[in-house]
Amino acid sequence: MADILEVATREFAEKGLAGARIDEIAEATRTSKRMIYYYFGSKEGLYIRVLEEAYRRMRAIEADLHLEDLEPEAALRRLVGFTVDYQWAHPEFIRLVMTENIHRGEYLAQSRSIHELNVPAIEGLQRVYERGVVAGVFRAGLDPIDLHMSISALSVFNVANRHTFSLIFQRDMGTPQAQVERREQIVEMLVRFVRRDR
């Protein structure tokens with residue numbers, strides 16, 4: 001099943017739900033369409049599992065950042081930096097999320113686990129934020145979900161719009177130096193937004 005999910009992730013990320021072919025996934029995993037349907041029920045069922053697995057992988061790594069061991073600002077910097085790095089290293093995650101947004105969340109709405117997979121991300125960010133407010137380093141009154149959305153938005157843009165932005169403005173966003181500089185800018189923007197003395 002793990003092999004099927006890995007190959008299906010590439011197939012759905014490259015071709016979207018409509019363009020992905022179960023035949024190609026079966027051939028690449030040396031299994032049969034019948035076995036894939038046995039495990040996942042349908043092409044859409046496989047797609048939902050791919051989405052769930054993509055979120056599960058990201059959240060599992062996030063949970064190992066040990067943010068509770070750091071001072072609030074350092075923890076926020078680590079979390080934002082991780083998010084930027086993860087999105088950059090996993091463009092297939094961005095493409096899957098973009099595909100699901102084209103479908104207006106129709107398939108994720110059918111997932112029994114997607115909410116539970118993502119609640120810890122908000123709870124972890126909320127703990128960091130609340131510790132910072134109590135310590136007097138973060139300003140009060142921010143919503144952790146809004147903060148999470150801002151972190152995601154700044155991180156996703158670098159991957160989702162890399163090619164068009166690079167072409168239009170004649171700036172290669174894919175160089176290692178450009179990635180490092182953009183990462184630092186995003187971390188600094190988010191920290192300054194949250195910090196009390198901004």
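**Phe12 and its surroundings**

Modeller: Phe12 is in contact with Leu17, Ala20, Lys43, Leu46, Tyr47, Val50, Leu96 and Thr99, leaving aside its neighbours within four places in sequence; contact here means heavy atoms within 4.5 Å. The model is a predicted one, in which local features need pLDDT of at least 70 and side-chain atom pairs count only at pLDDT 80 or more, while totals for chains, interfaces and linings use all residues. Residues are numbered from 1 along each chain as its sequence is written, and side-chain values use heavy atoms, with hydrogens and water left out.

Thr99, one of the partners of Phe12, lies in helix α6. Helices are DSSP runs of H or I with at least four residues, strands are runs of E with at least two, and both are numbered from the N terminus. With a relative accessibility of 11%, Thr99 counts as buried; buried means under 20% relative accessible area, exposed over 50%, and partly exposed in between, with a 1.4 Å probe and protein chains only. Beyond four places in sequence, Thr99 is in contact with Phe12, Gly16, Leu17 and Tyr47.

Phe12 is also among the residues with the most contacts inside the largest nonpolar core, alongside Ile25, Ile36, Leu46, Leu76 and Val80. That core has 50 residues, and α4 gives the most to it, with 8 residues. A nonpolar core is a set of buried Ala, Val, Leu, Ile, Met, Phe, Trp, Tyr and Cys residues joined through side-chain atoms within 4.5 Å.

Leu76 and Val80, named above for their core contacts, are in α5, where the buried residues are Pro72, Ala75, Leu76, Leu79, Val80, Gly81, Phe82, Thr83, Val84, Tyr86 and Gln87. These buried residues pack against α4, α6 (91-102), α7, α8 and α10 (176-194). The 18 residues of α5 should span 26 Å at 1.5 Å a residue, and the end C-alpha atoms are 25 Å apart, so the two values agree. The expected span is 1.5 Å times one less than the number of residues in the helix.

Two of the packing partners of α5, namely α6 and α8, also pack on each other, at an angle of about 100° and with their axes 10 Å apart. That angle makes α6 roughly perpendicular to α8. Pro91, Ile94 and Met98 of α6 and Val156, Val159 and Ala160 of α8 make the contact. By class, it has 6 nonpolar, no polar and no charged residues. Axes are lines fitted to C-alpha atoms, for helices over the stretch in contact, and angles run from 0 to 180 degrees between N-to-C directions. Angles under 35 degrees count as roughly parallel, over 145 as roughly antiparallel, 65 to 115 as roughly perpendicular and the rest as oblique. Ala, Val, Leu, Ile, Met, Phe, Trp, Tyr, Cys and Pro count as nonpolar, Asp, Glu, Lys and Arg as charged, and the others, Gly among them, as polar.

Helix α8 (residues 144-160) also packs with α7 (residues 114-134), at about 105° and with the axes 9 Å apart. Here too the angle makes α7 roughly perpendicular to α8. On the α7 side the contact involves Ala121, Ile122, Leu125 and Gln126, and they meet Pro144, Ile145, Leu147, His148 and Ile151 in α8. This contact has 7 nonpolar, 2 polar and no charged residues.

Not counting residues up to four places away in sequence, Ile114 touches Glu52, Tyr55 and Leu108.

Arg30, in the loop between α2 (22-28) and α3 (33-40), has a positive phi of about 55° although it is not a glycine. Arg30 counts as exposed, at 81% relative accessibility. His66 is placed in the loop between α4 (43-63) and α5 (72-89), also with a positive phi, near 55°. At 41% relative accessibility, His66 counts as partly exposed.

Of the 198 residues, 40% count as buried. Among contacts between residues at least 6 apart in sequence, 69% join residues at least 24 apart. The C-alpha trace spans about 60 × 40 × 30 Å along its principal axes.
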